[in-house]
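Let's take a friendly walk through a protein model, one piece at a time. Have the chains in view as you read.

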Amino acid sequence: MLRVRDLAVGFDTPAGFLRAVDGVSFDVHAGRTLGIVGESGCGKSVTASTVLRLVPRPPGRILGGEVWLGEQDVLTLPSDDLPGIRGNEISMIFQDPMTSLNPVFTVERQLFEVLAMRFGMSRQQAHARSVEMLRTVGIAEPESRLRAYPHELSGGMKQRVMIAMALLCEPRVLIADEPTTALDVTIQAQILHLIKDLQQRTGTAVILITHDMGVVAETCDDVAVMYAGRIVETGGIVEVFDSARHPYTRGLLASIPRRGQGRKAELPTIEGIVPSLTAPIEGCRFAGRCWKRRTLGAADAARCASEDPALRAFAGGEVACHFPVEGTVRPEEMTS
Amino acid sequence: MSDGNGAVPILQVENLKKYYPVRGGVMGRKIGDVRAVDGVSFSVREGETMGLVGESGCGKSTLARALLRLEDPTDGTVLFEGNDIATASKQDLFQLRRDLQIIFQDPYSSLNPRMTVGEIVREPLLVHGVGSKEEQVRKVRDLLETVGLSGDVIERYPHEFSGGQRQRVGIARALALEPKLVVADEPVSALDVSVQSQVLNLMMRLQKERGLTYIFVSHDLSVVEHVSDTLAIMYLGRIVEHGPVDAIYGRPAHPYTRALLEAVPVPDPKQRRVSVPLEGEAPSPVSPPAGCPFHPRCPFAIEACKAAVPALEPVGAKVVDGQAEHFAACIRQGEI
Amino acid sequence: MSRLRLSTVTAGGATLVLLGLLLAPAPPVESPVLAGPEATASVPDSPTPQERAQAAAEPSPQSAPVVLPADIVWETNLEDPPIGSDEAIRGGTFTYSITAYPLTFRLMGPSSNDAFAGWNRAFTMAFGLVMLHPVTDRFIPMMASAWSVQEDQRTIYFRLDPDARFSDGTPVTAHDYVFTWDMMRSDEIVDPFYNNYAEQYYESVDAIDDYTLRIVGTRTSWRPLYDYAGLWPTPAHAITLDDDWVTRSNNEFQVAPGPYVVSDVVRGESVTFERVPDWWGDGKQYFRGLYNFDRIQLRVIAPERSLDYLRRGEIDLHVETSARGWNEEYTFDAVRNGWLRRARVFTETPSGVYGLHMNLQAPVFGSREFRQAMQHLFNFERLNRNLMYDEYYRQVSFFEGTQYTNPAVRPYAFDPAQARVLLERAGYRRPGQGEGGSFLGAVGRTVRGLLLTRSDTDDILVNERGERATFTLIYGQASLGRHLTVMQQEYRRAGVDMRLQLLEPGTAFERGLERKYEMTLTSRTAGFYPSPRQYLHSENLETTNNNDIWGFGTPQVDSLIEVYERDLDFEDRLAAMQQIDEIVHDEAFYIPFWMAPYIRLVHWDYLRFPEFYLPLRTEQVSDWMVYWIDPDARTRLEEAMARGEALPLDDEIDKDFYGVRERFR
Amino acid sequence: MLGIRLDPITRRRFERFRSIRRGFYSLLILGAAMVLSLFAPYLAESRALLVLHEGRVYLPTFSFLPMSTFDQEPPAGWETNDVETDYFRLQREWALERELYARERASAGDDPAALEALEARYPNRRNRVFMPLIPWNPYENDFWYNEVLNDIQDRLEQGEAAEAARIARRDGLGELADAIDEGRIDALLSDPDASATGTVVGLARSGVLPSIADLGVLPPTPPDLRRRHYLGTDSQGRDVASRLLYGFRISIFFALFLVLAGQAIGTVVGSLQGYLGGRFDILSQRLIEVLMAIPFLYVVIILAALIAPTFWMLLLIMALFQWISITFYMRTEMYREKTREYCLAAKSYGASHLRIIFRHLLPNCLTPLVTFTPFAIVGAIFALTGLDYLGYGLPPPTPSWGELLDQALQSENRDKLWLTLAPFTALTVTLVLVVFVGESVREAFDPKEYARYE
């Protein structure tokens, strides 16, 4: 449904030019959910917005790559055609529903604009459709909610309205950028459930961007793990969670406190910090923090520092590591 | 409630209330109350960690701040080593503050961007006039090294640090006056998973080394379970369940606790939930429902739940020294 | 610049409106427009409380039947020369400018005192019983052919001119005067000024027969004709006085006894007067040579554009009010060729008090020597030469422009050396030069120099008590700022620090009246007869808010004022007043400024004037219509202009028939 | 940077400001002009900077030296001891002696007696006067243009042709001096074509001697290097350049003091409102609203009419109204900033309210203060100029731009371009510079990049 190839995006910052996304490729299939996970600053949100060419300029710049939506490359489209893509073919839900809804218009007005623009609906038609859609996203008393202004709604409610808006146009691809981060766990569960439910009904392809491994595990079919502007590992959800090959993915999964892990025991951590993306990086981006590398011989360790690993196919997925991890690893090994 | 296993209760909270007036009109007349914290009682034993869990708006942050009298409580007592913080005089409070410190959620807004790290950590020492200038500087270096930052960073400004490092600075500041009790208000919520584990490890190490008592406020049940000894679950300004972590996680007595635990997404794709654990949203604290505040969402609610606010009652038979340890505020706790 | 004219009549006031011609009162201009250095403000000139009480105590003569005294002696005056010229040629249309279109043609009631009202009064309606001859200063007949002032000095009998007719042909009778008085007192006219005037000045107005009138004033006066002959006839038959009168008569052309009536108007643009055919006054001694035009058209033209209209030939006459304009603008061909003529005609009218006033109650001005020093430091010549084109004349007398000036009084000459002597006598000396010499002083001056004010007040004189020779001058006329700052520099050079404070004009005026100032700059208009009591009598000292702004008053002057007010002998009065003039001069609390005793005229060659140009007592060209249009000259001018030829030039632009200028030398 | 350690935000903003060249250079120019204007008495002053007389050095800036010091002739009516030396004239008088000496020395030959007599005739030729760049103080009335010809005329009429020539030569009227020296003057004056009135003024009018054709005029006079009126004189013959300079000094410092005072009060009030909140906030806010409803200019005019407005007094009056607007910004800043956790942190270890406000909150709330200050300065300059224009500002003869503008806009001065252009240009340039600074500051402080989405 959506094929992204070698996407690269950079930003001008006071500290210099920053390559936020550097050669990212992935596919999304109809009716499936791709989770893009990673820690803050790894480039996952930039990737998502670049798919819609929503890069603020300045300071942002799309450096290269292709985004194929069917037979169209979104990145080479004339900018006049972009509104036809946005909302219609690809919709997006943002993390903060408050800033995504216009505070001076009622919900109905905002939904009406979408419907009028996309389908040329009259007010009556739009109203009926809006009520129906709000009901679909699980809003009780949709008639009265339509007359509400965004600030009169709770966070969960606003996110539901956002989803309703995103789905009004029956998009082929839905990008959800941290849709539940601002919400409580119980509400999060409801929203995630809603997205899944709707996806099953409409067959939309979903890209779910999140930093929460739990949410990914709960929702996604495929997962792509990003680190420092790159995808370091990708594959089916079970494969990645059960037997991650990349030391980073391993470390990430291990550092989450889990039930029954032993209370107050020391948690495995990934030491160090994400490298600065303003300076060119030689070799593997994770090399500086890699626990695996510390277990390697001098020659192999030097290779990590000098040679940039490409994504290689592995059983059930792809991994960008010269020395992928296999089997089980004890937490202490990762920490040392 | 006295000590169960030889540990002394360092903090005893009785019927603590914090109401915010709702004002209106030109001259700001009071027209109502927001009952952010509505009659909370619990105790914490020295050297232990009490987890405080709840969803946004449940009053847990307000409670944390009221404990330290960053907000003046409306009613109730907060006995710290026998001194009532809630009514302490200015001078007494000033002295008490040395023993009570707080760590904040947002490592960005909790550090003054215009002060160097050294100045930030030194401020409490300056305010309390601890030691000479040289001693203070030495102490600041020691503290920074204790939290895992090199002493050379004192000249640098917060923006030069990552979120995890900033949180370490915040911890160093909290430790500067060598407190006995530290309230950690969502200390890792804003951090990435890999960093989160680093900070949690640090906090646990400090507790061991310094015998600190923590009140650990969080909405992340996995984290709380990992670090806490006892747990209090809040809903709409009240504690609905309180007791040892194992007991609560093992056999939650309150339907809300149960739903909350179920809502947490587990980072294991093989354990996916099928249904949504809890419908609806928490009502506004301005107009809480009559009776049990949870009854509108509670799957087990009966007519009697609407009648009166249920009190915390001991759960099961486990009693230590004639005192129950596990409490829940549900009239049907035995039945479900 | 001709003196800007503010109506000087006040509540009950007998001051001149159109000087000499009409004794009829006019309400004060409501908001005095102050323009130019000579602008003046007026202040009430009301009867003192004592006088009013005195008048009230006397029994009213009204109760007796009105009969002519048997032994009545009629007076008239036909000996004085005519006002106009015998050479005058009748005919033609005279076009001139007014600043605003009239709001009404009435003379009483709301809005009846605008710029146009002066013309209306002078040419149509407000024809009083007698008038003052503008050259001899004696009363001459106007509507009345004879009069008789009784011994009580407030009862006057008038014999009306039987020829007098209104413009509709009806004879003017004594009843028309009674009607005027009734009308002035009526509520229907909605005019508090006239209501008040009629009550305060007239005890009774009675018609003895159709042509005999008796007027009784409210109080004894040594100038009863001046005070009580101001009524004009109103055609009782043409006016219905009711509640609607004010509105109805707003735009009504009035029936009037004068030589002209309003005949034609273009709303917002012009008003035309037309001469009454066979006007009854033609041929009367004092109307000869006057009112020569058949038509007078007044066009609404902004003052600053008036010269342009003249140059285009759209008006016949322009009065230049700016010294700069007079000296710099008349270099164009029409003037050089003698097509347009310029004349600066010297006249003499009371100019009132105008200059700097020192508050005698202010400590700094307590010393007469100090005040005299201030006089000697006033460098009028410098101001006149360098800021005013040498166009003005120093005012000297307290009674400037009246018959009571003391010719012996000379202005204080600019003499800083003498001023220094006087200042030293008053105890003021230069401060020691210590500051300037010492190192610390030098540092101090440097630091101060670096700050915001120049360190130029160091040389201000100081007296023994350490008080500096400093005072504040408050003033309301912003346009005078430049003259004052030049003065200020002159004073400063002599070691006197005069600070300037510009106030809102009304505030400055009030502060003067309340004597809340040290030095102030104000002016007062004056009547034909000076009224020294309100300015100089010690009775004013007890209160404020009167015209004695200096706080002056001595028993000597009080008694001189008594002489002036009570003595019926002119010589005695003159001696008293001249003595007052001298005392005021010696006391030196008033630094007289300057005046312009002339009218500057620019006119086309065909507009002709008598050899004396204008009568002596003329304030503005509408006062006396002595000029005329010469048709031959018009032809001659048109031919010369067509051929581009010059006409013979005048040798002398200044016209000083009465030797007015000599008095200022 | 200047030895002061700036926190990184400030430093970044400052660097950003510096990188905006227009604003940065405007600030440099303004700063230089302000510093320079502090030394105005050494730039524009009728007192000489230095006089060398008979081997002695005089510094007239620091002391009153009467005319007798240098045997200068006083103006008519004055005594030598009373009047301060006219240094500008003295300079020309001494220069004239040098000139004449040089001329006569060439023809004197080598006769020692003649040389001695010559030396004695020109005793001042070795003396020197050093005048400031603009040899006029802002108060001095120069009526030379109108008076010098009359002066010469008087001398001629009194038969003092030599003195007349001396004056003419001294004041730079060489052509006229030559005509007198060569005895041509009588012929010229009696020729009606050369002088219609038979006077020197008439001679000037006819234009026969072009170098005096512009004399005999009343102020305002156009720019003229001969008298060193670089920008001409105003309607009282005062040097426009000098008045502009002093006017600048007063305007800019007045504005600066006013804004500083206003911002200080506004910051304190606004901070307290924001920090304390509650009743205090509401009550003070209502009070401010009442105060705001008072028409400020009108009040100043009324007050100015009641008390003599000195510099500081006017400053005080205007400061009473100046502080209001900034309180709104400081209040909201404080409201926002006090909820930040670093503020709570400070509270948690017992920092006092004052410490929290001044050490922690204020430095983080200064953005509106700094960004609004340049615009407030513009407003203050405008207000002062406006008041002066109306005549209710600083009392005359204080040099001020508003007063100059007022003169320029008088109808009789409409053709005197220099009068209009000088204050207009000065005002425009100053305000544009300040606005440039302000815009740049704002840009430097604005965290937003002006980004555009496709």
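Which residue in strand 9 of chain B does B:Gly51 stand opposite? The residue there is B:Leu231.

## About the model

This is a predicted model, in which local features need pLDDT of at least 70 and side-chain atom pairs count only at pLDDT 80 or more, while totals for chains, interfaces and linings use all residues. Residues are numbered from 1 along each chain as its sequence is written, chains are lettered from A and ligands numbered from 1 in the order in which they are written, and side-chain values use heavy atoms, with hydrogens and water left out.

## A covered strand

Strands here are DSSP runs of E with at least two residues, and helices are runs of H or I with at least four, numbered from the N terminus. Strand 3 of chain B spans residues 49–53, and five of its five residues are buried (under 20% relative accessible area, 1.4 Å probe, protein chains only). In a regular strand, side chains alternate between the two faces of the sheet. Here B:Thr49, B:Gly51 and B:Val53 lie on one side, with B:Met50 and B:Leu52 on the other.

Strand 3 of chain B pairs (at least two DSSP bridges) in the parallel sense with strand 8 of chain B over five bridges. B:Met50 has B:Ile215 as its bridge partner there. Four bridges join strand 3 of chain B to strand 9 of chain B, also running parallel.

## Where chains B and A meet

One salt bridge is found across the interface of chain B and chain A (a side-chain nitrogen of Lys or Arg within 4 Å of a carboxyl oxygen of Asp or Glu). B:Lys270 and A:Asp242 form a salt bridge at 2.6 Å, N to O.

Definitions and conventions. Buried < 20%, exposed > 50% of the residue type's maximum accessible area, 1.4 Å probe, protein only.
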